[in-house]
Amino acid sequence: MNRVALKSVIGGLANGRNFNRYISTAVAVRPLESSEFLRRRSDGVLGAFQWRTRMMMSTGSTGETTPLAEKEQKKESSNDNGSVVVSSYWGIQRPKIKREDGTEWPWNCFKPWETYEADLSIDLSKHHVPKTFLDKAAFRTVKSLRVLSDLYFQKRHGCHAMMLETVAAVPGMVGGMMLHLKSLRKFEHSGGWIKALLEEAENERMHLMTVVELVKPAWHERLLVLAVQGVFFNAFFVLYALSPKVAHRVVGYLEEEAVHSYTEYLKDIENGNIENVKAPAIAIDYWRLPKDATLHDVIAVIRADEAHHRDVNHFASDIHFQGKELREAPAPLGYH
């Protein structure tokens, strides 16, 4: 059988056939010279036959994998440390990233170059005084929502923060999506506002990922999140489509209330009503906090982020109220 295969190969080379066309494009392969191919003929032909025979022996006629094949798959899917490594036909692989102290970076949801230090010196007392009818409508709408949330959560600051972040992460995503589609329709740049709003949404989501490390929501609170998110997303989508200036003003006032809520949270920690536990590891890495950071430090940086979002959205609303588009003013990038 080997002689027949060898004669076929030599005949093909003599007639000028191109054997590279039978090679899969899944792997980049260097074309073999004739002499090199002949040197490998024994290993290549016989090796392929042995590999095919081995696979037939390790796989049953029904297509089920035998213990031998399963053992080899597990061996190929594990690294030296024993942790599972997912192989990919496309060559997608997570790069090995280390902290400054040499330890492995544990987070897949963000990388070291995406971390930052919150601006704790930001003015927390800023308030946009509503003057126009639309401003007053936005302000009173947010205040009414605040009354309802206070009645439901009362002094349960952790659960209140969890609900707040599930809502606060929606406007940036909706606004960024709407500007993205507008940019595609009109073939124009966004002035950086798409990135700015999506960064805001991602930052709010990271707030939520931090809060859930401290507070575990009950089943009825999860149902409430589903209901509120379903209603708020669609309502804000319609509002942004009709009037972006009002939508950004509403978010600005929501962020003002968020600053107030986190201030109350900090007061209860300082008064001893809430235990000042150790900060979650994800918060320490995301905000570059010291290793001995506490819950008080985490709430302080989250409050600073909310104050920044407050300023960004009031600024965006002011741009629209002046009769301009967001792309005409530079987006406040670089904070997160």
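Biologist: How many helices and strands are there in the protein chain?
Modeller: The protein chain has 11 helices and zero strands. Helices (H or I, at least four residues) and strands (E, at least two) are DSSP runs, numbered from the N terminus. This is a predicted model, where local features need pLDDT of at least 70 and side-chain atom pairs count only at pLDDT 80 or more, while totals for chains, interfaces and linings use all residues. Residues are numbered from 1 along each chain as its sequence is written, and side-chain values use heavy atoms, with hydrogens and water left out.

Biologist: What share of the 336 residues is buried?
Modeller: Buried residues make up 36% of the 336 residues in the protein chain. Buried means under 20% relative accessible area, exposed means over 50%, and partly exposed is in between (1.4 Å probe, protein chains only).

Biologist: And how much accessible surface does the protein chain have?
Modeller: About 21,400 Å², of which 58% belongs to carbon and sulfur atoms. Those areas come from the Shrake-Rupley method with a 1.4 Å probe, and for residues only the protein chains shown count as cover.

Biologist: Which residues touch the most other members in the largest nonpolar core?
Modeller: Phe110, Ala118, Tyr262, Trp287 and Ile299, out of 35 residues in that core. A nonpolar core is a set of buried Ala, Val, Leu, Ile, Met, Phe, Trp, Tyr and Cys residues joined through side-chain atoms within 4.5 Å.

Biologist: Which elements give two or more residues to this core?
Modeller: They are α6 (157-186), α7 (193-211), α9 (244-270), α10 (281-286) and α11 (295-321). The most comes from α11, with seven residues. Apart from this core lies another one of 20 residues, including Val170, Val174, Tyr240 and Ala329.

Biologist: Back to Trp287. What is Trp287 in contact with?
Modeller: Leaving aside neighbours within four places in sequence, Trp287 is in contact with Tyr116, Glu117, Ala118, His207, Thr210, Val301, Ile302 and Asp305. Contact means heavy atoms within 4.5 Å.

Biologist: Why is α7 largely enclosed?
Modeller: Because 14 of the 19 residues of α7 are buried, the helix is largely enclosed by the rest of the structure. From its first C-alpha to its last, α7 reaches 27 Å, close to the 27 Å expected at 1.5 Å a residue. The expected span of a helix is 1.5 Å times one less than its number of residues.

Biologist: New topic. How many salt bridges does the structure hold?
Modeller: There are 14 salt bridges. A salt bridge is a side-chain nitrogen of Lys or Arg within 4 Å of a carboxyl oxygen of Asp or Glu.

Biologist: Which residue forms a salt bridge with Asp285?
Modeller: Arg99 does, with the closest N and O atoms 2.8 Å apart. This pair links distant parts of the chain, 186 residues apart: Asp285 is in helix α10, and Arg99 is in the loop between α4 (67-76) and α5 (133-153).

Biologist: Is Asp285 buried or exposed?
Modeller: Asp285 is buried, with a relative accessible area of 10%. Arg99 is partly exposed, at 24%.

Biologist: What about Glu188 and Arg327, how do their side chains meet?
Modeller: In a salt bridge, at 3.4 Å from N to O. Glu188 lies in the loop between α6 and α7 and Arg327 in the segment after α11, so the pair ties together parts that are 139 residues apart in sequence. Glu188 counts as buried at 19% relative accessibility, and Arg327 is partly exposed at 41%. Arg327 also meets Glu325 in a salt bridge (3.0 Å, N to O).

Biologist: Which residues are linked in a network of salt bridges?
Modeller: Lys143, Arg146, Asp150 and Glu257. Glu257 is also in contact with Val142, as are Val250, Tyr253 and Leu254, leaving aside neighbours within four places in sequence. Val142 lies in helix α5 and is buried, with a relative accessible area of 2%.

Biologist: Where is Glu256, and what does Glu256 touch?
Modeller: Glu256 is in helix α9. Not counting residues up to four places away in sequence, Glu256 touches Lys126, His127, His128, Arg310 and His314.
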